[in-house]
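Hi,

Here is the structure I promised to pass on.

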Amino acid sequence: MSALISETSARSAISLALAAQLRALRSELGAPGKPKRGQVHRLRVATRRLLAALDLARASGAVVPGAAPRRLEKLLDGLSPLRDAQVMARGLEQLPESAARSTLLERVERQQRQQRARTAKRLRRFDADKLAAHVSRVGEWVAAGERPAPRLGELAVTGFLAQQQLSIDLQRARAQQASP
């Protein structure tokens, strides 16, 4: 009986983690305008945490639609150039005053302005509602202990990969028997 309770508790905890991380990400996405230094960092952290929660759901046996992690990875990819420019600027600001530092800092700040505009455009296009629908569905499946029926294509690929792995394992076993 305790195994059933702990499995239910684990499913509930994973479902709650998904919901909490989705809320955190949506809260950061809700700020209008060009993203500021702290917001970019918080967006990246919230995105990574939601990805980790989806990985945890997948590890628990839930089928995670590929669209959710892909959307999050794409969001991270879009935030990275701006965050990199912000970190470079911060590092340059800590160096002693010099002509070279000033020139580099101007370049990095220009790059930062350009990346901030690009990132703002990407964030406006990001469909948080669609992502939320995918993540919420996974949370419901995890909480209920359900797994949606896999698609036939996934079954075919899984079967093919299993056959290939079996073939490799047999070849290894034969090779180990043949060599002293």
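Below is what turned up, starting with the fold and ending with one residue.

A word on the basis: this is a predicted model, where local features need pLDDT of at least 70, side-chain atom pairs count only at pLDDT 80 or more, and totals for chains, interfaces and linings use all residues. Numbering starts from 1 along each chain as its sequence is written, and side-chain values use heavy atoms, with hydrogens and water left out.

The chain has 6 helices and 0 strands (DSSP runs: H or I of at least four residues for helices, E of at least two for strands, numbered from the N terminus). Of its 180 residues, 31% count as buried, meaning under 20% relative accessible area with a 1.4 Å probe, protein chains only.

Now the largest pocket, which has a volume of about 260 Å³. (A pocket is an open set of points on a 1 Å grid over the protein atoms alone, where a 1.4 Å probe fits, with protein on both sides within 12 Å along at least five of seven lines; lining residues have an atom within 4 Å of a point. The volume is the space filled by probe spheres set on the points, which are joined across faces, edges and corners.) Helices α3 (67-93) and α4 (99-125) each give two or more residues to its lining, and α3 gives the most, with 5. Among the lining residues are Arg71, Lys74, Thr119 and Phe126.

Finally, glutamine 115 sits in helix α4. Glutamine 115 counts as buried because its relative accessibility is 10%. Beyond its neighbours within four places in sequence, glutamine 115 is in contact (heavy atoms within 4.5 Å) with Pro81, Leu82 and Arg122.

Cheers

Methods:
Buried means under 20% relative accessible area, exposed over 50%, partly exposed in between (1.4 Å probe, protein chains only).
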